[in-house]
Amino acid sequence: MNRVTEYLNSHKIRYQLLSHQESRSSISSAICAQVPLHRLAKAVVLEDHDGKHLMAILPADYKLSLSKLNDELNRSFKLVKEAQVYKMFSDCATGAVPPVPNVYHMDAIFDDELSQEPEVFIEAGDHETLIQLEHKDFRKLMGNHKHSRFSRKVFH
């Protein structure tokens with residue numbers, strides 16, 4: 001068990017593990033696992049002008065709008081450099097950041113688009129496993145984190 005599944009178990013959040021061929025991105029994970037792209041949540045790690053981190057969680061086929069997010073939260077975010085993300089998520093495979101902010105003691109915001117889905121899939125921290133959550137369990141996982149519309153669809 002890894003930190004993510006330990007957290008899910010300890011907080012009584014129901015989930016299923018879905019194995020797939022090794023992949024290198026959230027989009028290829030969704031394709032390998034035959035999961036709709038808009039149901040796979042990806043995490044983007046941001047940092048504000050004070051050095052505080054935020055995990056933005058959005059569908060794999062959506063692109064983050066930093067300007068919209070900055071306006072929404074009245075802060076000035078930028079992307080965290082990859083090398084720093086690797087250190088922050090040292091228990092995960094490179095590039096397989098699980099969108100589970102509480103495990104990593106991070107504040108978060110999730111895109112409302114994910115609230116429309118009957119189930120959501122998230123990275124498990126490796127490149128071969130997704131975690132499947134029913135809608136209510138995804139909402140439980142997100143807890144009191146903020147949500148809004150801060151991304152737009154990239155692929156049609």
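**Views of a predicted model**

**View 1. Pro 101 is a buried residue, with a relative accessible area of 0%.** Buried means under 20% relative accessible area, exposed means over 50%, and partly exposed lies in between (1.4 Å probe, protein chains only). This is a predicted model, in which local features need pLDDT of at least 70 and side-chain atom pairs count only at pLDDT 80 or more, while totals for chains, interfaces and linings use all residues. Residues are numbered from 1 along each chain as its sequence is written, and side-chain values use heavy atoms, with hydrogens and water left out.

**View 2. Pro 101 sits in the loop between α4 (82-88) and β6 (107-111).** Helices (H or I, at least four residues) and strands (E, at least two) are DSSP runs, numbered from the N terminus. Which residues does Pro 101 touch, not counting residues up to four places away in sequence? They are Met 55, Ile 57, Met 106, Asp 107, Ala 108, Met 142 and His 145; contact means heavy atoms within 4.5 Å. Val 45 is 56 residues from Pro 101 along the chain, and the C-alpha atoms of the two are separated by 9.9 Å.

**View 3. The structure holds 0 disulfides.** Cys 32 is in no disulfide, and the nearest cysteine sulfur, that of Cys 92, is 19 Å away. A disulfide is counted when a pair of cysteine sulfur atoms lies within 2.5 Å. A disulfide is a covalent bond between the sulfur atoms of two cysteines.

**View 4. Cys 32 and Cys 92 compared by their cover.** Cys 32 is partly exposed, at 30% relative accessible area. Cys 92 counts as buried, at 13% relative accessibility.

View 5. The C-alpha trace spans about 40 × 35 × 30 Å along its principal axes. Buried residues make up 49% of the 156 residues. Among contacts with a separation of 6 or more, 66% join residues 24 or more positions apart.
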